[in-house]
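Let's take a walk through a protein model, one spot at a time. Have the structure open beside you and find each residue as we get to it.

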Amino acid sequence: MTIPATLVGEQSRIVLITGASRGIGATIAMGLLQDGHRVVATARKRSGLNELYELAQQSKDLKSRLMLLELDVCDQSSIDTAIAQVNQRWGHIEVLVNNAGVASSAPLHKTSDELWAQMLDVNLTGSFRVTRAVLNPMKKSAYGRVIFISSIAGLAGCLYTSAYCASKHGVIGMMRALALEVAPTAVTSNAICPGFVETDMAQAAMDNIQASTQRAQDEARKVLEAFSPQQRLFQPDEILHTVRFLIGDGARGINGQALTVDGGQVMH
Ligand code: NAP
């Protein structure tokens, strides 16, 4: 693994990522740390961040640029505590990646109040809470990025996922409204909308297909792959790449946009 000490041509930023214990969030945290940013990787449990901890043990430089903090997006006091710790050590957060999310599927008539509330609370209200907590100092400074990891389910209907779809559509609406609010400042607000990405979340969807249709694992995988015109699942580092692009100074003019990483499944 090669670890560049500093960024070339770009500034090192203070980045907070929610849901960094695995999947897309962990990949974004590792990638941005290796790029030279100061990374605040957060998870509900500190133990979920052990892999990042191990990575940072490789050098003094990495250790000095990584904070590992507990943060539950459904718990305002845990959000406030984590952000206060960052402010005290490094100053205000310059890039927020709202990544934490949960997914569950059910036909609408079988969607319980609990499932509905959980999707909305984590995916939509959770992103709102964390964004609200970091926004003011960001708006007063000369640079800021709010990035929401939504989904193609935030742009189009997906079968048997009314609660997830509603939450991810909500994220897109919030992102767009925020984009107008921050337009007079140096902050931008954008979303990344992946198709199926190879993580535990996509694995759970495959397990579901297997269980409900008695198909083999590779057939269940083909079902998910077939959603994209590229006939494949996407990789977490493709989402990292899009985050890198949005963080860059050159992306200053991109605001209020939902960038799909889905091989052309949704064109909007
Ligand atoms: P994942 O592997 O299941 O990881 C989800 C992450 O969210 C975990 O780190 C989890 O932490 C965290 N999380 C869940 N509830 C939380 C809470 N209340 N507070 C803080 N963190 C919480 O999923 P993923 O595939 O990486 O998904 C990341 C994001 O991408 C999600 O927003 C998801 O909706 C979106 N997305 C994923 C796909 C896909 O196919 N994978 C496609 C489109 C969009 P714990 O370890 O504490 O559970």
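## A tucked-away arginine

Let's start with arginine 13, which counts as buried because its relative accessibility is 6%. (Buried means under 20% relative accessible area, exposed means over 50%, and partly exposed is in between, using a 1.4 Å probe and protein chains only.) You'll find arginine 13 in the segment before β1 (14–17). Helices here are DSSP runs of H or I with at least four residues, strands are runs of E with at least two, and both are numbered from the N terminus.

What does the side chain of arginine 13 make a polar contact with? Its partner is the side chain of aspartate 249, at 3.1 Å. A polar contact is a pair of N or O atoms within 3.5 Å; within protein, one must be able to donate a hydrogen and the other to accept it, and residues adjacent in sequence count only if both atoms are side-chain atoms.

## What you're looking at

This is a predicted model, so local features need pLDDT of at least 70 and side-chain atom pairs count only at pLDDT 80 or more, while totals for chains, interfaces and linings use all residues. Residues are numbered from 1 along each chain as its sequence is written, and side-chain values use heavy atoms, with hydrogens and water left out.

## The ligand and its shell

Now over to the ligand. It is surrounded by 27 residues, and the closest are Ser21, Arg22, Arg44, Tyr164 and Thr199. Sorted by class, the shell has 13 nonpolar, nine polar and five charged residues. For that sorting, Ala, Val, Leu, Ile, Met, Phe, Trp, Tyr, Cys and Pro count as nonpolar, Asp, Glu, Lys and Arg as charged, and the others, Gly among them, as polar.

Zoom in on some atoms. Arginine 22 has a polar side-chain atom 2.7 Å from a ligand oxygen. On its own the ligand exposes 890 Å², and the protein buries 93% of that. (Accessible areas come from the Shrake-Rupley method with a 1.4 Å probe; for residues, only the protein chains shown count as cover.) The elements giving two or more residues to the shell are α1 (23–35), α6 (162–182) and α7 (200–213).

Why does the ligand lie between domain 1 and domain 2? Because domain 1 (5–195 + 235–260) and domain 2 (196–233) both give residues to the shell around it. The domain bounds come from an automatic or database domain assignment.

## One aromatic pair

Search the whole structure and you get one aromatic pair. Phenylalanine 196 and phenylalanine 227 form it, with 5.4 Å centre to centre and 55 degrees between the planes, so it is tilted. (Rings of Phe, Tyr and Trp, with its six-membered ring, pair if their centres lie within 6.5 Å; planes under 30 degrees apart are stacked, over 60 edge-to-face, and the rest tilted.)

The pair links distant parts of the chain, 31 residues apart: phenylalanine 196 is in the loop between β6 (187–194) and α7, and phenylalanine 227 is in the loop between α8 (217–225) and α9 (236–247). Phenylalanine 196 is partly exposed at 27% relative accessible area, and phenylalanine 227 is partly exposed at 43%.

## Two glutamines with positive phi

Most residues other than glycine have a negative phi. Glutamine 214 has a positive phi, near 60 degrees. This residue sits in the loop between α7 and α8 and counts as exposed at 66% relative accessibility. Glutamine 231, in the loop between α8 and α9, also has a positive phi, of about 55 degrees.

## Along the chain and across space

Cysteine 193 sits in strand β6 and is buried, with a relative accessible area of 0%.

Methionine 67, in strand β3 (residues 66–70), is buried at 6%. Its C-alpha atom is 18 Å from that of isoleucine 24, 43 residues away along the chain.

Note on methods: Near = heavy atom within 4 Å.
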